[in-house]
Amino acid sequence: MKTIADNRQSKKWISFGTLVLGAGTIYKLGCLKDAFYVPMQEFMGLSHTQIGTAMSVAGLISTFGFLISIYLTDRVSKKVMIPMSLMGIGLLGIGLSTFPPYWLFLLINCGLAVCADMLYWPTMLKTVRLLGSEEEQGRMFGIMEAGRGLVDTVIAFGALGVFALLGSNAASLKAAILFYSAVPMVIGIIAYFLLEPDEIKAVNAAGEKVSRNKAAMDNVMLALKNRNIWLVSFNVFSVYCVYCGLTYFIPFLKDLYAIPAVLVGAYGIINQYALKMLGGPVGGYLTDKVFHSATKYLRVVFVITGTALAVFAFLPHSHMNVYFGMLMTLSIGACVFSMRAIFFAPMDEINVPREITGSAMSLGSFIGYLPGAFLYSVYGNILDRNPGISGYRIVFLIMAVCAGAGFLLSSYILGVIGTNKAINN
């Protein structure tokens with residue numbers, strides 16, 4: 001017979017597996033450019049600036065969505081939030097498949113941001129943190145990122161296969177978008193039946209019984225006043241500034257190396273999704289087993305990534321072998337994804353109370369993902385105003401500077417962790 005501990009472990013991994021499926025599909029439509037950047041320009045008539053602006057507007061909506069989720073995540077059960085967000089994504093995708101006018105394209109992207117970033121992502125982060133013990137944080141987040149990368153890659157190659165099989169034309173792009181729409185709707189239905197409802201405790205910090213609204217608001221205020229949450233959040237901000245630039249490795253290879261559209265799409269899938277399968281477990285393993293600290297790991301990889309970007313910006317690309325350029329960009333991407341896998345793990349390391357995990361993860365998401373509200377537009381505008389290698393060089397150097405800022409902040413956070421340990425001892 002199964003023991004109570006066995007049942008808990010089963011429920012833990014069922015919940016985790018369901019979250020992985022959702023996390024691997026929730027951003028497919030919002031990040032359509034990852035595999036279909038060039039077809040979007042050709043068949044939907046979008047420029048670099050228009051695509052960048054759409055992503056930045058959606059990022060702005062995500063920013064406000066994360067603010068609202070600071071309250072929602074500790075107030076509404078994941079059994080409601082997860083399925084609702086996935087079903088919403090699918091319905092919006094059907095609208096996107098009509099190749100709407102640009103103003104409606106912007107609105108649909110905003111809706112995708114609400115479903116993915118306000119409803120799904122903070123709920124997922126909260127659940128993952130609470131599923132793992134303090135010693136498992138790096139591995140749990142690393143496995144999540146790897147599993148998400150696996151699902152990402154399978155679904156993205158499925159859509160790319162639909163696109164190529166049907167002729168790599170406007171109709172095939174619509175079919176690929178509909179494929180991206182159907183998958184999250186199916187997973188949303190599965191999630192509703194598999195996820196356990198949250199036990200939402202209506203008590204305040206003193207243990208007194210209060211309304212659910214009051215308990216959620218108390219958690220919001222505790223999170224806003226916690227300096228350590230802000231420190232981790234700005235470290236996430238630094239990683240995300242670098243991550244936003246990975247998108248532009250895709251048109252970079254097309255513009256400077258003349259890679260065919262389908263190969264660029266395949267590279268984009270590997271760059272944005274398959275690397276999660278490598279970076280996620282590597283980052284999680286090295287964090288827990290080698291560095292024994294997520295913050296130490298982040299500091300080291302910030303140095304490696306920043307140096308690589310600075311060097312890459314000044315290489316003579318016109319005389320380089322295309323495979324070397326692809327290897328360099330993929331290596332940089334792998335480093336960034338290994339940081340993305342564990343950049344919320346320091347929440348435990350710096351002693352953020354687990355009782356306010358939902359609010360902490362939402363605030364961390366609000367600050368950390370803030371670059372998505374403006375950097376895509378900035379990067380896209382730089383490329384449109386500075387054709388050729390000069391524009392890409394500026395983008396890569398900005399990414400390197402952001403990595404340098406992350407190194408400095410990680411060093412400061414390690415000092416805070418050391419001070420806290422000295423006080424506690």
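Predicted model: local features only at pLDDT ≥ 70, side-chain atom pairs only at ≥ 80, totals over all residues.
Residues are numbered from 1 along each chain as its sequence is written, and side-chain values use heavy atoms, with hydrogens and water left out.

The model holds 22 aromatic pairs, a pair being two rings of Phe, Tyr or Trp (its six-membered ring) with centres within 6.5 Å, counted as stacked if the planes are under 30 degrees apart, edge-to-face if over 60 and tilted otherwise. Phe36 and Tyr180 form an edge-to-face pair, 6.3 Å centre to centre with 75° between the planes. Because Phe36 lies in helix α2 and Tyr180 in helix α7 (residues 170–194), the pair ties together parts 144 residues apart in sequence; helices here are DSSP runs of H or I, at least four residues, numbered from the N terminus. Phe36 is buried as well, with a relative accessible area of 0%.

## Tyr243 and Phe337

The rings of Tyr243 and Phe337 have centres 5.7 Å apart and planes at 80°, so this pair is edge-to-face. The pair links distant parts of the chain, with Tyr243 in helix α9 (residues 227–246) and Phe337 in helix α13 (residues 322–342), 94 residues apart. Tyr243 counts as buried at 6% relative accessibility, and Phe337 counts as buried at 0%.

Technical notes
Helix = DSSP H or I, 4+ residues; strand = E, 2+ residues; numbered from the N terminus. Buried < 20%, exposed > 50% of the residue type's maximum accessible area, 1.4 Å probe, protein only.
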